[in-house]
Amino acid sequence: MAVTLINPEGLPQTEAYRQVAVATGSRMVFVAGQVARDAAGNRVGEGDLAIQTEQCYLNVATALAAAGGSFDDVAKVTIYVVGYTLDKMPLLLEGIARAAGKLGVTLAPPGTLVGVAALGEPDLLVEVEAVAVLD
């Protein structure tokens, strides 16, 4: 495996994600921000942050698979949430957990959560991008 995820002593310990990813592979994969659209481009989960988050993660998984990778290879994710407030975190985590269950993986790479005013389309609530390292 090209990516090892760790929570080093001296940093806050969290189960939601790991603080550090150590990558040793030679091929990097940059996945563009994925939104709540299915393969046909149809909107998924209108107005529902959990459903949209789930779809974003499933789309990232599809993109990774096309490059020969999976979430096991992800070194970092960035999550953009429209109008983020702390009360949205449970919905975000619910969507991530549902995607993890469908994919049969633990989704815990280091990540950055960014609250934004808007995304590229007015009905989008969340966008997820990823960087992976493959052997």
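Is Ala66 buried or exposed, and what is its relative accessible area? Please take me through the helix around it as well.

Modeller: Happy to! Before we start, this is a predicted model, so local features need pLDDT of at least 70, side-chain atom pairs count only at pLDDT 80 or more, and totals for chains, interfaces and linings use all residues. Residues are numbered from 1 along each chain as its sequence is written, and side-chain values use heavy atoms, leaving out hydrogens and water.

Now to your residue. Ala66 is exposed, because its relative accessible area is 72% (exposed means over 50%, buried under 20% and partly exposed in between, with a 1.4 Å probe and protein chains only). Ala66 belongs to helix H1 (helices, H or I, of at least four residues, and strands, E, of at least two, are DSSP runs numbered from the N terminus). If you want a sense of distance, look from Ala66 across to Pro122: they are 56 residues apart in sequence, and their C-alpha atoms lie 28 Å apart in space.

Let us step back to the helix that holds Ala66. H1 covers residues 49–66. Its 18 residues should span 26 Å at 1.5 Å a residue, and the C-alpha atoms at its ends are 26 Å apart, so the two values agree (the expected span is 1.5 Å times one less than the number of residues). Although Ala66 is exposed, H1 is mostly covered, with 13 of its 18 residues buried.

Both ends of the helix have a detail to look for. At the start of H1, a side-chain oxygen of Asp48 comes within 3.0 Å of the backbone nitrogen of Ala50. This is a polar contact (N or O atoms within 3.5 Å, one able to donate a hydrogen and the other to accept it within protein; residues adjacent in sequence count only if both atoms are side-chain atoms). Just after H1, Gly68 has a positive phi of about 85°.

Next, turn to the covered part of the helix. Thr53 sits in H1 and counts as buried, because its relative accessible area is 0%. Leaving aside residues up to four places away in sequence, Thr53 touches Leu92, Gly95, Ile96 and Val126 (contact means heavy atoms within 4.5 Å).

A search of the whole structure finds one aromatic pair. Tyr57 and Phe71 make up this pair, which is stacked, with 5.7 Å from centre to centre and 25° between the planes (rings of Phe, Tyr and Trp, the latter by its six-membered ring, pair if their centres lie within 6.5 Å; planes under 30 degrees apart are stacked, over 60 edge-to-face, the rest tilted). The pair joins distant parts of the chain, 14 residues apart: Tyr57 is in H1, and Phe71 is in the loop between H1 and strand S4 (74–82). Tyr57 counts as buried because its relative accessibility is 4%, and Phe71 counts as buried because its value is 7%.

For contrast, visit a loop elsewhere in the chain. Asn7 lies between strand S1 (3–6) and strand S2 (20–23). Its side chain reaches the backbone oxygen of Thr14 at 2.8 Å and the backbone nitrogen of Gln19 at 2.8 Å. Leu11 is in the loop between S1 and S2 too, and counts as partly exposed because its relative accessibility is 39%.
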